[in-house]
Amino acid sequence: MECQNAAYPHIDRDSLSDSRKLEMQLDTFPEGQFLAEIDGKIAGYSTSLIVLLDDDSPWYSYNEITGCGTFSTHDPSGDTLYGSDIAVHPDYRGQGVAGKLYQRRKTLLKRLNLRRMVAGGRIPGYAEHSKKLSPQRYIELVKAGQLKDMALSAHLKAGYDVKSVHYAYLSDGESMNYATYLEFENKAFDPAKRMIAASPINRPVRKMRVCAAQYEIRPITSWEQLVMQVEFFAETADEYHCHFLLLPELFTAQLFSMLPPDMDSLHAVREVARYHEKYLELFTEQATKHGLHIIAGSHPVDVDGELRNIAHLFTPAGKVYTQEKIHITSVERHYYDIQPGDKLRVFDTPMGRIGILICYDVEFPELARLLTVAGIDVLFVPFATDERKSYHRIRYCAQARAIENVIYVVIAGCVGNLPQVRSFLVNYGQAAVCTPCDVAFPKDGIMAEADPNCETVVIAELDLNDLAVQRDLGSVKPLQDRRNDLYSLHSRVPVEVIYT
C-alpha cells in the first residue's frame, strides 16, 4: 500500500487498490503477483490476471477488466495475461526494478502458454503537452524518442506494442484520463496445446495430454545415434500436441554398447555417467524447442562420489528438476553400486501437480500416498524390467496406486536387447496409462496401452476434473475413508513442493 501510494501520488484514490482488494488479488491468482525487494524494503510490485477478451472489441476500462480491482474476472481458461498494475517506489527508480518485474510477467506468459499480455498504460507526461499535442501525436513522439514518458517509455522498453489510445480508462489527471492499449505477443504460444488444456468454450476443464515412449534399446556406435532416437520421440510428442513426454528408466544404458564388452559393470556405469552433461544439453534443447515437459527417464549421476539413479524433469522454459530413486534393487547395488536418494518431490507445473517415482519405488505405496497428500494429480513412472514377471510387478503396483490415491499413473519402459552387455541383456516393456476404477474412467482402469515389446508411443488425454469429481462423488472414496484413528502416515523428511 505504501509503495502504491508513493508511486501514484496524483491518481484518484478510488482508482487505486485498497488492502482488501490486494488480498483478493493475491488469493485469486497468487502466481500472477510479484514483489520486488531491495535490502528487505519493498521497491516495486506488479499484479496481473488471466482474461478472455473479445478480439472484435478488446478495449475495456480498468474496472471492467479487473472487476473493480477484485480480480473477480480472472479466468484460468482464458488466453490473455492482463497486466493490471506495475509500480516502482520513487526511491528505487532507475535501478532496473521495472525490468525485473516485466521479465517475471513474460516468464509467466510462457510458462502458462498464454497467447499474449495486454495492459492499459498511463501516459503521465501528457498533461504538460496536452495544449499542443493530441494524445496520439504525443505517443508517436515518445515512440520516436523525441519525448520521454515515465510510464510509456518503460512499457515500450519492455517490448509492448501500442495498439490504440482510449479515454476514461482511469481517473488519472496526469494522463488527462487517456490510456494506451498495449499488447505483447507470446512468440512461443502453442494454440493447440492451449485448446487441449483450457478451451474456455468447448471444454472448460483442466486437461493434459501425455506421451509415454516405449523406447527400444539397440546397439549403437555413437552418441549421435541416441540423439536421433530421442529426437524421434520428442517430435512425435510435439506432433500430437502433448504437454508431457515420459521416457524409460536408464534408457541411456544403450551407451553400454559403445564400451569394450569385457569392461566390468561397475566401471561401465561410471563411463555412462560421464555423459550427464550431454544428457542435460540434449533434453534442455528438446524441451525448449518443442515446448514440452520431458521426464527424461533416469540417468546414473555421480553425486559427491556416490552413484545415484536420478530422474530429470525438463521444462519448456529450459529449467531442470530432479527426483532420485529412493529404493534400490539388489541388481542395481550388485552391478552398479547405485546408492538410494532421500528426497521426495512434487512438481507444481502449469498443467497440474505431478510426481515421479522410478520403477521399484512404485512398489512402495507409502511414497505415492505422500505425493498424493501433497497434491499430485498425475504420477509418472519410468521403469526398466528384464522379463514379463518383473514388468507386471510394476504394472500391477501402478494400477493399485492409481486406484487407492485417485490419480493417473503413466508408465514407460525399455524394450529390445543389448547383446554382449551382461548387466542389461534383455528388456520387457509395455507403456500404459492407468486410471482409477469407477464410473468416470475406462472399465478396466486402463486409459491406453501399447503393444508390448515394440518401439512405439502411448498418447492419452488426462482430464484432471474427473479426478476432482471422483474424489468427492466416487463409488468409494479411499482418501476420505482412511482410518486416521487407527493408523497414520508421516514422512520423516518433508515432501518438497517445487514450483516449475
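The largest pocket of this predicted model holds about 980 Å³ of space. Here a pocket is, on a 1 Å grid over the protein atoms alone, an open set of points where a 1.4 Å probe fits, with protein on both sides within 12 Å along at least five of seven lines, and lining residues have an atom within 4 Å of a point; the volume is the space filled by probe spheres set on the points, which are joined across faces, edges and corners. Of its 45 lining residues, Ile86, Ala98, Tyr102, Met150 and Ala154 are the closest to the centre. Elements that give two or more residues to this lining include helix H1 (2-7), helix H2 (19-28), strand E2 (41-51), strand E3 (80-88) and helix H4 (97-111); helices (H or I, at least four residues) and strands (E, at least two) are DSSP runs, numbered from the N terminus. By class, the lining has 22 nonpolar, 15 polar and eight charged residues, where Ala, Val, Leu, Ile, Met, Phe, Trp, Tyr, Cys and Pro count as nonpolar, Asp, Glu, Lys and Arg as charged, and the others, Gly among them, as polar.

Strand E2 also holds serine 46, which counts as buried because its relative accessibility is 1% (buried means under 20% relative accessible area, exposed over 50%, partly exposed in between, with a 1.4 Å probe and protein chains only). Beyond its neighbours within four places in sequence, serine 46 touches Gly32, Gln33, Phe34, Asp85, Ile86, Leu101 and Arg105, a contact being heavy atoms within 4.5 Å.

After H12 comes glycine 375, with a positive phi near 110 degrees.

Most residues other than glycine have a negative phi. Methionine 176 has a positive value, near 55 degrees, and lies in the loop between strand E5 (161-167) and strand E6 (178-185); at 36% relative accessibility, this methionine is partly exposed. Valine 406 likewise has a positive phi near 55 degrees. Valine 406 sits in the loop between H13 and strand E15 (408-416) and is buried, at 3% relative accessible area.

What of the cysteines? The whole structure has zero disulfides, a disulfide being a pair of cysteine sulfur atoms within 2.5 Å. For cysteine 242, the nearest cysteine sulfur belongs to cysteine 211, 4.9 Å away; cysteine 242 is buried, at 0% relative accessibility.

Overall, the protein comprises 14 helices and 19 strands, and its C-alpha atoms fill a box of roughly 85 × 55 × 45 Å along the principal axes. Buried residues make up 54% of the 500 residues. Mean pLDDT (the predictor's confidence in each residue, from 0 to 100) is 91, and 98% of residues reach 70 or more. Over residues 200-205 pLDDT stays under 50. Where pLDDT is low, the predicted coordinates should not be read in detail.

Residues are numbered from 1 along each chain as its sequence is written, and side-chain values use heavy atoms, with hydrogens and water left out. In this predicted model, local features need pLDDT of at least 70 and side-chain atom pairs count only at pLDDT 80 or more, while totals for chains, interfaces and linings use all residues.
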